[in-house]
Each structure stands twice: as C-alpha cells, then as structure tokens.
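Trainee: I've got a model open and I'd like to talk through its side-chain contacts. Can you take my questions one by one?

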Amino acid sequence: MPGGPSAPAAPAPKPEPAPAPKAARPKKKGRSKLMLLVAAVVVIAGGAYGAGLLMNHSDVPKGTTVLGVDIGGGTRDDAVKKLDDAFGKRVDKPLKLAVGGKTVTLTPENAGLQFDYQATVSEAAHSDYNPVHVVGSLFGQKRVVAPVMPVDEEKLHAALQQAGGGSQAGAGVATDGTIEFKSGKAVPVYGKGGKAVDAEHSAQAVEQAYRALVETGNATPVAVPTTTRQPTVSNAEVDRMMKEFAEPAMSGRVTVQVDAAHSVPFSPQNSLWKFLRVTAVDGKLVDKPDLAALEELYGQAFDGVLITRGNGKKTAVTPEDVYAALRPALMSRTNRVGIIDTNPS
C-alpha cells in the first residue's frame with residue numbers, strides 16, 4: 001500500500017564451500033626398487049664380464065676343452081703339449097677291423113688318419129667374447145672345441161683296399177700274392193680270393209672309430225662292410241718276381257762298397273732277409289727295401305764318405321744310395337759287388 005512499510009529484503013545466498021584439495025597419490029616404491037635392482041644387475045654383470053675378459057687374457061681361453069681335456073688358460077704351445085700328453089700314445093695306435101669274421105689291423109699313418117694338434121689349438125685360440133661364455137668361465141663353465149682330424153681320403157681308400165691281406169689274414173679273407181724273405185731263402189706266397197673290406201662304404205665308420213680310439217684309448221674291433229675280391233697279384237706274377245729278383249738276391253753273399261776301406265758284406269742267412277721286401281703296384285710286384293733296417297745293418301761304414309750331387313753339392317751317403325748300388329748286384333748271380341759312385345756326374 002502507498003505509504004505503508006516496505007517488505008523485508010531476501011537473505012543473500014550462502015557461498016558454496018570450496019572443494020577439498022585432492023589427496024596426493026602415494027609414490028610407487030616398488031617401481032623405484034625394481035629400477036635400482038636392474039641397475040645393480042647391470043653393474044654386477046658388467047663387472048663380471050670385465051673380470052672374465054681379464055682372466056681370459058691368454059692365447060687359449062680358460063675352460064677350453066678338447067675331447068674332455070682342458071687346454072685353456074695358457075699359450076698355444078702349452079695347449080699343444082697338453083694334447084700331446086693326453087693323446088700322444090693313442091694317435092698312432094692301430095685300429096682293429098672285423099673283416100669276414102677275422103680281425104685285421106689298420107695303421108693310422110698308412111691310412112691317412114691323424115690328429116692335428118696345431119690346427120686344433122688354432123681353432124681353440126680364437127677370442128670368445130660371448131658374454132655367456134666369458135662370465136660362465138668364472139664359474140667353471142667349459143668351452144668345448146672339436147678336434148681337427150683331417151683325413152687323406154686317397155690313402156685311406158688304398159689302405160682299406162689292402163686290409164685283410166698279408167700274414168695277419170685268416171681263412172676266408174682275400175690275400176694278394178707276395179714274397180716273404182726269411183733267413184737263407186725267399187718264399188713265394190700265392191694269393192687267394194675271399195672277403196675284403198668294401199673301401200667305399202667303410203671310410204666313414206673307420207674315421208669315427210679312429211676318433212673314438214683317440215678319445216678313449218679303446219681299440220675295440222669295428223665291423224666294416226665287406227665284399228668278395230680276387231687277388232690282384234697273380235701266381236704268374238709271383239713266379240716272375242721270384243725268378244727275376246728274389247732268388248738271385250738270396251743266392252749268396254753280396255757286398256756294397258766305395259773302396260776297400262768302406263765295404264760291407266751281406267749274407268742271405270744273417271742280413272739280406274732283414275731288409276729285402278716286395279710290394280704290389282697295379283698288380284705287379286716291385287722291390288721296396290726296408291731302408292731303416294738296411295741303414296742299421298751297415299751302421300757307420302760309410303761315415304765321412306761324400307757324394308757329389310747333380311747340383312755340385314757334396315753330401316753324406318744315404319740308405320737310398322746304398323740300395324741303388326746294391327740292387328744290380330742282388331739281381332746278378334755272378335757279379336755280387338755293388339759300387340757306390342761318389343762322383344756320378
């Protein structure tokens with residue numbers, strides 16, 4: 001109403017309370033610990049790797065083994081000596097082959113089998129930076145290196161073809177014709193057909209057997225495939241060699257000399273049979289003396305004697321020189337003196 005009292009004012013709105021501050025998130029302690037742990041592992045691993053490299057500061061890394069023998073931690077010469085000490089008595093040990101129910105032997109040298117120490121050590125001497133191997137060497141972990149055993153395939157094949165022949169062969173095993181020299185006489189030995197080593201299919205088994213022999217020292221006979229073979233040296237060839245060489249050679253005393261002061265006699269009973277030999281070459285028999293036995297027989301008889309060679313140089317008498325002079329006398333029944341010519345040019 002006009003003139004009447006005014007209406008009371010409406011109360012002011014109350015201000016809204018400020019939002020409470022958000023609580024800070026707690027730090028993730030686990031993550032920090034994990035990072036510290038990883039860092040520690042990296043540091044420790046790096047230290048171990050460095051320590052391993054330092055300890056392996058040698059020609060052949062520590063912990064290197066060959067066929068179970070530890071050769072590491074030293075020089076190459078040290079490693080070669082360790083191999084020789086461990087395997088030296090085995091590398092030339094004859095292999096035994098089972099052929100046609102019989103056991104025959106095979107000489108590693110004649111069969112082209114060998115254990116190359118130097119090449120094996122060269123392979124082992126390569127620096128190894130593999131962290132697993134370097135760190136593992138600190139805890140005795142071994143580094144295995146395969147032995148280097150090269151094979152002369154041609155010699156092995158030839159040796160296997162001949163295996164089973166000779167005096168060691170038994171019944172049913174093929175043998176070639178030959179001539180045996182005994183005190184006072186030459187004896188013809190005629191060949192016979194029978195079982196022989198199948199060279200083509202036996203090589204791998206023989207190579208594996210040689211490695212096993214070197215590793216273990218055990219020469220257990222290894223069975224090899226066989227085939228039927230006829231003699232490659234005929235009876236007629238044995239008869240020819242008997243007539244042309246063996247019988248004249250053993251017919252009496254023979255002398256080899258430079259002069260009266262340097263002269264050596266040989267007799268069929270006491271010496272000739274000790275070095276005379278024949279061997280088969282492409283089905284033919286040829287004389288092939290045992291030069292080491294010949295040299296032992298004449299001893300120092302030609303010491304001081306020099307032969308003028310084709311190049312003008314003067315050198316000492318060799319077993320080859322002695323046999324070259326002796327051979328014509330061996331094949332003659334009348335002229336039984338062989339002269340060593342000291343100036344053949």
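Trainee: Which residue forms a salt bridge with arginine 327?

Mentor: Quick ground rules: this is a predicted model, so local features need pLDDT of at least 70 and side-chain atom pairs count only at pLDDT 80 or more, while totals for chains, interfaces and linings use all residues. Residues are numbered from 1 along each chain as its sequence is written, and side-chain values use heavy atoms, with hydrogens and water left out. A salt bridge here is a side-chain nitrogen of Lys or Arg within 4 Å of a carboxyl oxygen of Asp or Glu. With the closest N and O atoms 2.8 Å apart, the partner of arginine 327 is aspartate 287.

Trainee: How many residues apart in sequence are the parts that this pair, arginine 327 and aspartate 287, ties together?

Mentor: Helices (H or I, at least four residues) and strands (E, at least two) are DSSP runs, numbered from the N terminus. Arginine 327 sits in helix α10 (residues 319-330) and aspartate 287 in strand β14 (residues 284-287), so the parts they tie together are apart by 40 residues.

Trainee: Is aspartate 287 buried or exposed?

Mentor: Buried means under 20% relative accessible area, exposed over 50%, and partly exposed in between (1.4 Å probe, protein chains only). Arginine 327, at 32%, is partly exposed. Aspartate 287 has a relative accessible area of 15%, so call it buried.

Trainee: Which residue meets glutamate 237 in a salt bridge?

Mentor: Glutamate 237 is buried at 4% relative accessibility. The N to O distance is 2.6 Å, and the partner is arginine 240.

Trainee: Where does arginine 309, the partner of aspartate 321, lie?

Mentor: Those two form a salt bridge with their closest N and O atoms 2.8 Å apart. Aspartate 321 lies in helix α10, so the pair ties together parts 12 residues apart in sequence, with arginine 309 in the loop between β15 (306-308) and β16 (314-316).

Trainee: How many aromatic pairs does a search of the whole structure find?

Mentor: Rings of Phe, Tyr and Trp (its six-membered ring) pair if their centres lie within 6.5 Å; planes under 30 degrees apart count as stacked, over 60 as edge-to-face and the rest as tilted. Searching the whole structure on that basis gives 4.

Trainee: What is the angle between the planes of phenylalanine 115 and tyrosine 117?

Mentor: Phenylalanine 115 is buried at 7%, and tyrosine 117 is buried at 13%. Their pair is edge-to-face, 5.0 Å centre to centre, with the planes at 70°.
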